[in-house]
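Good morning, everyone. Please look at the screen while I bring up today's chain.

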Amino acid sequence: MEVQKNINRKDYYGGALMVLIGLGAIYGGTDYHIGSLSHMGPGFFPAALGGLLALTGVLIAISARSGDSTPPAPGDGHAHGLPDFRGSACILLGTLAFLLLGHYGGLLPATFAIVFISALGDRKNTIKQALLLSIGMSAIAVIVFWWALQLQLPLFRWG
């Protein structure tokens with residue numbers, strides 16, 4: 001029963017922190033002209049995202065108070081007390097690979113690298129799953145950023 005209280009407390013405080021950050025983004029967005037939906041100003045986007053973040057935080061805090069969370073399964077976690085740095089290391093390495101490949105290789109290899117390396121941070125993912133996810137996200141990135149938004153980053157760059 002003690003595990004359930006800790007999980008609920010973490011969710012409650014996490015939701016409260018998200019509400020505070022969201023309210024800060026809304027407040028920061030009001031320094032600029034917000035505008036309307038048809039004529040958005042520079043403050044519209046941070047205010048809208050701040051509102052969504054605050055709403056998400058409220059929902060998380062409400063779900064933490066309901067007490068419906070379940071304790072972790074006995075097989076989850078590690079046999080030792082050391083933290084698992086695999087996920088953090090893979091995300092950091094994926095970001096560094098994106099920076100390097102984005103500069104020297106282009107959008108497609110950079111997107112593939114960040115998704116593939118970051119997906120390997122989850123111990124439940126296989127290399128095949130990470131490969132399929134990387135291919136799919138690379139295709140989405142090409143469609144959204146290169147074709148639709150015409151981002152000024154070439155698909156491939158040699159050198």
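I will go from the whole chain down to single residues.

First, the ground rules. This is a predicted model, so residues are numbered from 1 along each chain as its sequence is written, local features need pLDDT of at least 70, and side-chain atom pairs count only at pLDDT 80 or more, while totals for chains, interfaces and linings use all residues. Side-chain values use heavy atoms, with hydrogens and water left out.

Now the overall picture. The chain has five helices and zero strands. Read from the N terminus, the order is α-α-α-α-α.

Next, burial. Of the 159 residues, 23% count as buried. Buried means under 20% relative accessible area, exposed means over 50%, and partly exposed is in between, with a 1.4 Å probe and protein chains only. The accessible surface of the chain is about 11300 Å². Carbon and sulfur atoms hold 72% of that surface. The areas come from the Shrake-Rupley method with a 1.4 Å probe, and for residues only the protein chains shown count as cover.

What about contacts? A contact means heavy atoms within 4.5 Å. Take the contacts in the chain with a separation of 6 or more: 60% of them join residues 24 or more positions apart.

Now the record. The unreviewed UniProt entry carries the annotation "transmembrane region" for residues 12-32, 91-118 and 130-149. Its positions are given in the numbering used here, feature names are shortened, and annotations may be inferred rather than shown by experiment. How far apart are the end C-alpha atoms of residues 91-118? They lie 5 Å apart, and the span is 93% helix and 0% strand. For residues 130-149, the end C-alpha atoms lie 26 Å apart. That span is 95% helix and 0% strand.

Let's move to helix 4. Helix 4 has 13 residues and reaches 18 Å from its first C-alpha to its last. That is close to the 18 Å expected at 1.5 Å a residue. The expected span is 1.5 Å times one less than the number of residues. Which residues of helix 4 are buried? They are Leu107, Ala110, Thr111, Ala113, Val115, Phe116 and Ala119. Their cover includes helix 3 (86-104) and helix 5.

On to the rings. A search of the whole structure finds three aromatic pairs. One of them is Phe112 with Phe116, which is stacked: 5.8 Å centre to centre, 10° between the planes. Rings of Phe, Tyr and Trp (its six-membered ring) pair if their centres lie within 6.5 Å; planes under 30 degrees apart count as stacked, over 60 as edge-to-face and the rest as tilted. Both Phe112 and Phe116 sit in helix 4 (residues 107-119), four residues apart, about one turn of the helix. An α-helix has 3.6 residues a turn, so residues three or four places apart point the same way. Phe112 is partly exposed, because its relative accessibility is 27%.

Another pair is Phe156 with Trp158, also stacked, at 6.1 Å centre to centre and 10° between the planes. Phe156 has a relative accessible area of 46%, so it is partly exposed. Trp158 is at 78%, so it is exposed.

Ser134 is in helix 5 (residues 127-148). Is Ser134 buried or exposed? It is buried, because its relative accessible area is 0%. Ser134 touches Phe112, Val115 and Phe116, leaving out residues up to four places away in sequence. Ser138 is in helix 5 too. It has a relative accessible area of 5%, so it is buried.

Last stop: Gly106. Gly106 lies in the loop between helix 3 and helix 4. It counts as buried because its relative accessibility is 0%. Which residues is Gly106 in contact with, leaving aside neighbours within four places in sequence? They are Leu101, Pro154, Leu155, Phe156 and Arg157. Gly106 and Leu155 are 49 residues apart in sequence, and 5.0 Å apart in space, C-alpha to C-alpha.

That is the tour. Thank you.

Note on methods
Helices (H or I, at least four residues) and strands (E, at least two) are DSSP runs, numbered from the N terminus.
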